[in-house]
Amino acid sequence: FPVDIGVVRPIKSEKVLQFSVRRGTANFAHEPAMTRKEAIEAVEIGIKMTEICAEKGYSLLIGGEMGIGNTTTSAAVSCVLLGRAPEEMTGRGAGLSDDGLRRKIEVIHQGIAVNHPEKTDVIGVLSALGGLDIAGLCGVFLGGALENIPVIIDGFISSVAALCAARLCPTATKAMFASHVSAEPAACIVLEALGKKPLITANMHLGEGTGAVASLPLWDMALAVYDNCYSFTEGGIAPYTPQC
């Protein structure tokens, strides 16, 4: 389900669900990315999407995103929530040069200095440094826990959204499952903070749900073994007896 939660230019299509909170976020290097009210509204939209999916009978959710510059916002949010330095958490995204990476790190430092986000205030961090995509996905992870539907974490942006959800409601992690770990340097750190181990390590640089979709055959295989594999007794195999 493609959802317009806040792209700059409206997408006119019957296939796109229209839930725009605002038309693009502000430059967090100079001011908060959005208001606190807007951040909450975006989270609520994510929760609403899980409710819609639950009503339609879906039993598994994947949250993908299509944001611009959102490895920057994700790195900034994770820096604050995990108390890490931008130099440690910031990667090249879609392929920045060395100069571009240095500038990206500087911008995150500036955004944190300008907005003074407090790591115990997750909504405050999202509104100061985040994106509508992160906030919306945060709501999807919360909604998955509320509706008892597992949600597969995709790449770096998705994992930061999951981290936000976990900080808002720690028990929500029970509904989260990691798919892959991206090439971003903070990806492993965020998954470790969530207590999740990825199934795939392929140095993927793209999100949009692709890594999570790639993991689905592995989940299917595991479930097939769990549900259908015959026992040792059925296979005529003697039970294992520990040797002294």
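This is a predicted model: local features need pLDDT of at least 70, side-chain atom pairs count only at pLDDT 80 or more; totals for chains, interfaces and linings use all residues.
**Entry 1: nonpolar core.** I looked up the largest nonpolar core, which has 55 residues. The members that touch the most other members are Val-43, Leu-126, Phe-141, Cys-164, Met-176, Val-190 and Leu-194. I then listed the elements that supply at least two residues each: helices 1, 2, 4, 5, 6, 7 and 8, together with strand 4 (151-153). Helix 7 gives the most, with nine residues.

**Entry 2: Leu-194.** I examined the contacts of Leu-194, leaving aside its neighbours within four places in sequence. Leu-194 is in contact with Ser-159, Ala-162, Leu-163 and Ala-166, as well as with Ile-153, Thr-173 and Met-176.

**Entry 3: helix 7.** I checked the length of helix 7 (156-168). Its 13 residues should span 18 Å at 1.5 Å a residue, and the end C-alpha atoms are 19 Å apart, which agrees. I also checked burial: 11 of the 13 residues are buried, so the helix is largely enclosed by the rest of the structure. The buried residues include Phe-156, Ser-158, Ser-159, Leu-163 and Cys-164.

**Entry 4: second largest pocket.** I recorded a volume of about 400 Å³ for the second largest pocket. Its lining comprises 24 residues, and Asn-70, Thr-71, Gly-93, Ala-94 and His-205 lie nearest the centre. By class, I noted nine nonpolar, 10 polar and five charged residues in this lining. Helix 2 and helix 7 each supply at least two of the lining residues.

Definitions and conventions:
Residues are numbered from 1 along each chain as its sequence is written. Side-chain values use heavy atoms; hydrogens and water are left out. A nonpolar core is a set of buried Ala, Val, Leu, Ile, Met, Phe, Trp, Tyr and Cys residues joined through side-chain atoms within 4.5 Å. Buried means under 20% relative accessible area, exposed over 50%, partly exposed in between (1.4 Å probe, protein chains only). Helices (H or I, at least four residues) and strands (E, at least two) are DSSP runs, numbered from the N terminus. Contact means heavy atoms within 4.5 Å. On a 1 Å grid over the protein atoms alone, a cavity is a set of points where a 1.4 Å probe fits but cannot get out, and a pocket is an open set with protein on both sides within 12 Å along at least five of seven lines; lining residues have an atom within 4 Å of a point. Grid points are joined across faces, edges and corners, and a volume is the space filled by probe spheres set on the points. Ala, Val, Leu, Ile, Met, Phe, Trp, Tyr, Cys and Pro count as nonpolar, Asp, Glu, Lys and Arg as charged, and the others, Gly among them, as polar. The expected span of a helix is 1.5 Å times one less than its number of residues.
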